[in-house]
Amino acid sequence: MCGIAGIFHLSTPKPVDPARVERMCDALAHRGPDGAGVWTAPGVGLGHRRLSIIDIAGSPQPMASSDQAAMLVFNGEIYNFRELRDELKGAGAEFHTDGDSEVILAAWQRWGPACVSRLHGMFAFAIYDQRERTLFMARDRLGVKPLFYAPLSDGSLAFASELKGLLAHPLLRREIDPLAVEDYLTWGYVPDHRSILQGVHKLPAGHTLLLRHDAPLPAPSQYWDVSFAERRKGRAADLEAELLHLLRQAVTSRMVSDVPLGAFLSGGVDSSSVVALMAEASRDPVKTCSIGFDVAAADETSYAEQVARRFATEHRALQVSPDDFAHLDALVGMFDEPFADASALPTWRVCQLARETVTVALSGDGADEAFAGYRRQVFQHGEDRVRSLLPQALRGPVFGALGAIYPKADWAPQPLRAKTTLLSLAGTSEAGYARAVSILPPELRQTLYSPEFLRLRGDYRAEQAFEDMMRQAPARSGLDRAQYADLKFWLPGDILTKVDRTSMAVSLEAREPLLDHRLIEFAASLPEGLRVRRGEGKWLLKKTMQRYLPQDILYRPKQGFVTPISQWFRGPLAETARSIASSDALVRTGWFDGQRLASMADAHIAGRSDHGRMLWQLVMLDKCLGQILG
C-alpha cells in the first residue's frame, strides 16, 4: 500500500523538476513511510511513497520494466499476481522481484490497456511508456484506491493519491466549487464526479486514462461495470455452495502478506463472516479489534467479543467518547475534502488500534451494497411494490400532500417517522431512493443558503446525477437500480474514502474481501428473493454463514457503525453546535444564513428536532474550508 504522485506535460515535453514531485510525495508520507523514490524524463515525473507489504526488500518504486522501456508507480495490491506471473513467464517475460508491481509492468507490455481486466485487486497506478510516449493511469473496479488529477496552467497534468498531493503543487488553484458544497450537503461527501476544488478530477472507479504528449486531455475510459440485468438460475442450495466458495476465495487471497495481518470486528454479519473464514484458513489465532462508544445504544462491543470468543481470536477493544472530538482537526486533514460520515472518527480510532499489532487488516465493507443489507434498500423494494400498484398521477398528489403536512417527528420511534416515506412514494423510484440516501433534503438545504449561494448554484440539483445513474443502470428492478447506485456512487464516495483515508493516515493497509469483483458480479445476478426475503436483507449471505455464526449475530436488527453525535451535540459538544453559525470559514464564504443555522442549533440542543448530522456536516465543512483556504 502506497502513495503515488506525478506530473505529465500534455503539450511541450518540458523538463519536470524532481523536487516538485518529491514535495507532492512528501505530502503523502503517511501512505508510505517505508521508502520513497522519484523518476523524471522529458515531459514526465513519477513519485512514490512505499508501505512495504509484499516482497519487502525487493520492489522499490518507481519501478522500471525488465527492458527499461516502461516505468511504474503503483498503490494497492494485486491478489492474483502469482498466477499472472506464471502466465507471463510462459510468454517469455522476465522477472527480477517477487512482488506484484513488476507483474503489472509485464502485463502492460503484453496486453496494453487491456491489462487491467486481468488484475484482481485494489489499485491505482500510472505507467509511463517511453516507446509510446504515453502515460497510462488506472483505478480498480470498485474504487478502493483513489486517484486525483488536475490540468495546470503550464500545460501539465498533475496526479496524486490524495488531494493533499496536488495541493503541494504551487500551480494548483484553490478555488472552492460551490456545486461541490451543494453535493456535500446533500450526501455528506463530495462524490467522485466532482471535487471540492474547481479543476480537480477523480478518476472514476473501473476507468483508465491514456495520456499522450501533444494531445489534449481525453475523457476516462470505462473497462468494468457491474450488471444486474441477468438472473442466475439454480437451486438455492447450489447457489449457497457457490457463494461459500467465492467467499473463501476472496478471504484467503487477501491473507497473503509478508507483514502481520488481522481484521476489524464489529460483531455484525459482514465482519464476523470475514473473521470466521480467516479463522478457518489460519493456523494461528486471528488478531481482531473493535471500537465501542460511551452511549450504550450505539455500542456493539459485546457482540464483537462474542464472535472473538467463538473463533478464539486475539481480540482488543477501545472506546470512543466526546473527548476524541479534540482530534477533529487531524481527522479533517485526512480527507482534504469535507467529509461528514461521523463513523470516520471511530474508524480512524480502530485503525490506530489495529496498527499497534498489524500492518494489514481485513474489513467487512461491501456486503450491504452487494447483497441488499441496508434498510433503505429493503424499504425501496417494498415501496416499489406500492408504486407498481398506484399510478404516478395518483401517488404524486395524494402522498405528496400527506408528506407535506406530516410532521417531521425526529423524536418519535422509527415506524412513526412517515414523512420521508410519504414524500418518497409521491415521486419516482429514483427520486425516492435519492431522498432515502441523502442527508439533507432539498427543501431543508434551501433554507440554509444565502441569496448569493442560491445565485451561484442556479438550477443545479445534486440528486440529478444519482437519479440518472439509477435510471441508466443495467438492471431489471428498483432494488437492482438502488444497489447499483450504492455500489457506483455511495460506496466509492463514502465508505471506501472513509476506510482508505483513516487507514492510510496510520500507515495501515485495509483490504475488503467482500468487494472481490467476482463476488460482486455473483451477488448482482441473484434473484431478488435470494437478496431480500420476508423483509430480511442479505438473505443468501446469512443463510450461507449459518454454519459459522449464531442466530443472534446473523439476525439481530442491523445497527451500523453509528457515532452518537446527536447525543454529543446536546451534551458535551453543545457549545460547538451553538458556535457553528458564527464560525470563521462559513461566515467568510457568505454562502449561509447564519440566523437560520443558529436557530437549528438551538432546536437541536433543546431536543425539539434532531439536526445532529447537519451540525456535524457544517462543523466538518467549516474546518475543511479553513484548512484549504488558510
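Modeller: Helices and strands are here DSSP runs numbered from the N terminus, a helix having at least four residues and a strand at least two. On that basis, the protein chain of this predicted model contains 28 helices and 17 strands. The radius of gyration of the protein chain is 24 Å, close to the 25 Å that the globule rule gives for 630 residues, so the chain is as compact as a globular protein of that length. Its C-alpha trace spans about 70 × 60 × 50 Å along the principal axes.

Within this setting lies the helix to be examined, H7, which runs over residues 269-281. Helix H7 has 13 residues, and the distance from its first C-alpha to its last is 18 Å, close to the 18 Å expected at 1.5 Å a residue. Helix H7 is mostly covered, with 10 of its 13 residues buried. Those buried residues begin with Val269 and Asp270, continue through Ser271, Ser272 and Ser273, and go on to Val274, Val275, Ala276, Leu277 and Met278. For the protein chain as a whole, buried residues make up 60% of the 630 residues.

Serine 321 is placed in the loop between strand E15 (314-320) and helix H9 (328-335). Because buried means under 20% relative accessible area, serine 321, at 16%, counts as buried. Apart from neighbours within four places in sequence, serine 321 is in contact with Asp294 and Trp568.

Alanine 27 is found in the loop between helix H1 (18-26) and strand E2 (35-41). With a relative accessible area of 23%, alanine 27 is partly exposed. Its contacts, leaving aside neighbours within four places in sequence, are Lys164, Gly165 and Ala168. The C-alpha atom of alanine 27 is separated by 32 Å from that of arginine 457, which is 430 residues apart from alanine 27 along the chain.

The contacts can also be viewed across the protein chain. Among those between residues at least 6 apart in sequence, 73% join residues at least 24 apart. As for the surface, the protein chain exposes about 23,500 Å², of which carbon and sulfur atoms supply 52%. The protein chain carries 72 positive and 76 negative charges, and the mean positions of these two sets are 4 Å apart.

Note on methods:
Residues numbered from 1 in each chain as written. Predicted model: local features only at pLDDT ≥ 70, side-chain atom pairs only at ≥ 80, totals over all residues. Heavy atoms only, no water. Expected span 1.5 Å × (residues − 1). Buried < 20%, exposed > 50% of the residue type's maximum accessible area, 1.4 Å probe, protein only. Rg over C-alpha atoms; globule rule 2.2 N^0.38 Å. Contact = heavy atoms within 4.5 Å. Areas by Shrake-Rupley, 256 points an atom, 1.4 Å probe, with all protein chains shown as cover. Lys, Arg positive; Asp, Glu negative; His and termini not counted. Charge placed at Lys NZ, Arg CZ, Asp CG, Glu CD.
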